[in-house]
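Dear colleague,

Please read the notes with the model open beside them.

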Amino acid sequence: METEPITSNGAKKLQDELSDLVNNKRQKVIQAIAEAREHGDLKENAEYHAAKEEQGHIEGRIQEIQLLLSNAEIIDISNIPKNQKTVVFGATVEVEDIDNDTKTKFQIVGNDEADIESGLLSYRSPVAKALIGKEKGDFVSVSTPKGERNYEIKKIVYKWNFIFLIERLL
């Protein structure tokens, strides 16, 4: 399997989730299974079956995260050169939709950390692919599921901006 880029923030979130699954949730479900077994007949024991199903989900997610991290190429955004002029993986980009004069901000991130509602856009998305390599002031046209979109790049930031995060939450 080839490596998959991920930001250092995305890798930390995955590592935190893995730690929680291994150290907390796994232990709780093991306890729930033990308690359900004490109730007797396992064939008709709903708590036991629910706990076993939850255990399967937890173990599956643990394996998924371990695989993601083992194949991850962690990109530290703070290492991007200060004189970088083009959009690259990890950049936070502000674009203006030329057709309706709306501005949008997002960070270009790995596929597994993408969350458009939080402003995290996968580098594999059509919009990110069109923006990568472009500079502030450039215009791009993108074919999206909602039709052709035309953007102007207004701003490029190469470090995660907490103001951006707060703006997204408001």
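Strand β1 (residues 4–7) gives three residues to the lining of the largest cavity, the most of any contributor; helices (H or I, at least four residues) and strands (E, at least two) are DSSP runs numbered from the N terminus. Please bear in mind that this is a predicted model, in which local features need pLDDT of at least 70 and side-chain atom pairs count only at pLDDT 80 or more, while totals for chains, interfaces and linings use all residues. Residues are numbered from 1 along each chain as its sequence is written, and side-chain values use heavy atoms, with hydrogens and water left out.

On a 1 Å grid over the protein atoms alone, a cavity is a set of points where a 1.4 Å probe fits but cannot get out, whereas a pocket is an open set with protein on both sides within 12 Å along at least five of seven lines; lining residues have an atom within 4 Å of a point. Grid points are joined across faces, edges and corners, and a volume is the space filled by probe spheres set on the points.

The search of the whole structure finds one cavity of 30 Å³ or more, and the largest cavity has a volume of about 60 Å³. Its lining consists of Glu4, Pro5, Ile6, Leu14, Leu68, Ala72, Gly110, Asn111 and Asp112. In β1, Glu4 and Ile6 on one side and Pro5 and Thr7 on the other are all buried, so that both faces are covered (buried means under 20% relative accessible area, with a 1.4 Å probe and protein chains only). β1 pairs in the parallel sense with strand β2 (residues 72–75) over four bridges, two strands being paired if DSSP finds at least two bridges between them, and Glu4 stands opposite Ala72 in β2.

The second largest pocket holds about 320 Å³ of space. It is lined by 18 residues, of which Thr104, Phe106, Ile116, Leu121 and Tyr151 lie nearest its centre. Two or more lining residues come from each of β3 (92–97), β4 (102–109), α3 (126–131) and β7 (147–157), and β4 has the largest share, with five.

Five strands form an open sheet of mixed pairing, in the order β5-β4-β3-β7-β6, with β5 (120–122) and β6 (139–144) as the edge strands, each pairing on one side only. Within this sheet, β3 and β7 run antiparallel and are joined by six bridges, and Thr92 stands opposite Val157 in β7.

With best regards

Notes: Buried < 20%, exposed > 50% of the residue type's maximum accessible area, 1.4 Å probe, protein only.
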